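Hi,

Here is the structure I promised to pass on to you. Have a look around it first, then read my notes below.

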Amino acid sequence: MSFFLSDWPWAYLGTLKYALYGPLVAKAVHTNLYGGNEADNWCFHILLLTFLRYVIYQLWATYSNMYCLSAKYKICKKDAEFDQMDREWDWDNFLLLQAFMATAAHHFLPFFRDMPAWNAGGFIFFAILHMGPAEALYYWAHRAFHKDILFQRYHSLHHAAIVLQPQTAGTATFLEHIGLTIIMAVPMVGASWMGGASMGMIYLYCLLFDFLRYMGHSNVEIVPETIFRWLPPLKYLIYTPSYHTLHHTEMDTNFCLFMPLYDYLGKTINSKSWDLHRSMSAGQVEEVPDYVFLAHIVDVLSSLHVRFLLRGFCSTPFATWWFLLPLWPVVIPFALAMWVWAKPFVNTGHRLKGRLHQTWIVPRFGFQYFIPFAQEGINNLIQDAILSADKMGVKVISLAALNKNEALNGGGTLFVKRLPNLRVRVVHGNTLTAAVILNELNPAVKEVFLTGATSKLGRAIALYLCKKRIRVMMLTCSEERFKSIQSEAPPEFQNFLVQVTKYQVAQNCKYTMPRRCVHACHAGGILHSLEGWDHHEVGAIDVNKIDMVWEAALKHGFKPMK
């Protein structure tokens, strides 16, 4: 149900809302390229400032979601769910609103025009007006929005977030952001009225405002405890991420914008604030994961589908969107740099049945796995990751995609032979992949046509089906490989395996997955960890374990995607 000014006017436009910047772009182009006349070149500055505000957001989003950098200082160890990502999809609505409100103020307020590029004395005006009226207005307005009706109809949207993210800072109703924009305007318009404003101070104030807002919602404690010991008065002047996180968990405390002084004066300070900050800023002992999924980068565009780059986009199944194409050239230098310097790193972490699971990335693109001189280096990176996992006490490490390529390392066999004393179990997870394929077959089927018939999966499927007296037409041009597999079947079932050399239809595999779904080999590695199996799962698939793995998967609630 919508209420007065709760919905955004352009909500129905979707991504077309960005077309609303069109008049500002047109005016800026006309002024700068065609000799148009506009005081302060205002539209250009508004667009540039908006771009820089997006940059500030992206820096915070990247840092807070870069697991390898921020995990030690995470305040809430949970991860944002998909429904939160959907709810916060339009977090940047306020930037569009503020661009137009600022342009309106510039048009209708004569004293808000023709500002100098810089006026150092104006800093005093900005500081006084922010620390006084702006902070006080926000504090009392914020407390008002926590009253029953206003909270239920408006502010509950912002507090729906379980885990704070930088985009949570911008997720609020239209009415709330009108109020916040007016509060932000107090120092800028007030300083301009008193003759102390400048374009430089407007840039600085807006960017610093956003920086602190995103910091408070980053879920990472970045403010060192030592600064409050060296300068105790600072605890009245600047909040911290843990301070604001307490407001989201205990909502009747810590209402301030940036200055805890107002919570002290209003007696709404949370007594846990500084103890929590002290413990969070010291860093947490990093938990050892039970399970690691060792993946690699697939291709250039899919490399952008990671949490620390495009958080909202990453929450949807991968697709090639138009806005990714201009970023393609940007990725290339990073790919080359990773080839030279990068080591495997932690990309994500999440919990399943109370156990920590992590995804580590081998910093190599898919095409590099087929470059002969690069393969030894890739195997060394995989081995380094396995040794790191073993040293940490990880129980299972699962090799994903080309990291278990038969031509590269024999499906992981190379590492088990090189490192005979491993405590961590190395698995490829393909036993469950085979089980899923086999259990998707119609029970009444008597004949199947098998492509990839001499691959690791093809071999296992063919041997399993022939024992069920199902005729398997194995597509392969290699009689030698066909005979080798046929010889593994018991003599009485060998005639159920038939070599064929032609096919009419082939279909490419997709590597993208819907939400809350993983590939069967990924699930196979998880299953290895949940079951506590102590064997390595490398090389050829053990046909005799297919049924056991399938039954274990069903027991743990895994279901094939229909």
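Let's start with the big picture. The protein has 23 helices and 8 strands; here helices (H or I, at least four residues) and strands (E, at least two) are DSSP runs, numbered from the N terminus. Keep in mind that this is a predicted model, where local features need pLDDT of at least 70 and side-chain atom pairs count only at pLDDT 80 or more, while totals for chains, interfaces and linings use all residues. Residues are numbered from 1 along each chain as its sequence is written, and side-chain values use heavy atoms, with hydrogens and water left out.

The C-alpha trace spans about 95 × 60 × 50 Å along its principal axes. Of the 562 residues, 50% count as buried. Buried means under 20% relative accessible area, exposed means over 50%, and partly exposed is in between (1.4 Å probe, protein chains only). Contacts tell you about the chain too: among those between residues at least 6 apart in sequence, 74% join residues at least 24 apart. A contact means heavy atoms within 4.5 Å.

Now for some helix pairs. Two packed helices are described by the angle between their axes and the distance between the axes. The axes are lines fitted to C-alpha atoms, for helices over the stretch in contact, and the angles run from 0 to 180 degrees between N-to-C directions. Angles under 35 degrees count as roughly parallel, over 145 as roughly antiparallel, 65 to 115 as roughly perpendicular, and the rest as oblique.

Take helix α6 (residues 122-144) and helix α8 (residues 174-193): their axes come within 9 Å and cross at roughly 155 degrees. So α6 is roughly antiparallel to α8. On the α6 side, the contact residues are Phe-125, Phe-126, Leu-129, His-130, Pro-133, Ala-134, Leu-137 and Tyr-138. On the α8 side, they are Leu-180, Ile-183, Val-186, Pro-187, Met-188, Gly-190 and Ala-191. By class, this contact of α6 with α8 has 13 nonpolar residues, 2 polar and no charged. For these classes, Ala, Val, Leu, Ile, Met, Phe, Trp, Tyr, Cys and Pro count as nonpolar, Asp, Glu, Lys and Arg as charged, and the others, Gly among them, as polar.

α8 has another partner in helix α5 (residues 93-108), where the axes come within 10 Å and cross at roughly 50 degrees. That angle makes α5 oblique to α8, and α5 passes α8 in a right-handed crossing. Here Phe-94, Leu-97, Gln-98 and Met-101 of α5 meet Phe-174, His-177, Ile-178, Thr-181, Ile-182 and Met-184 of α8. The contact of α5 with α8 divides into 7 nonpolar, 3 polar and no charged residues.

From α19, the contact includes Leu-432, Ala-435 and Leu-438, and from α23 it includes Val-549 and Trp-550.

α9 has 18 residues and reaches 26 Å from its first C-alpha to its last, close to the 26 Å expected at 1.5 Å a residue (the expected span is 1.5 Å times one less than the number of residues). α9 is mostly covered, with 15 of its 18 residues buried.

- His-244 sits in helix α11 (residues 241-249) and is buried, with a relative accessible area of 4%. Not counting residues up to four places away in sequence, His-244 touches Leu-164, Gly-216, His-217 and Tyr-239.
- Trp-341 is in helix α15 (residues 328-341) and is exposed, at 66% relative accessible area.
- Lys-353 lies in the loop between β2 (345-352) and β3 (355-365). Its phi is near 55 degrees, a positive value in a residue other than glycine.

How values were computed. Left-handed = near helix turned anticlockwise from the far one by under 90°.
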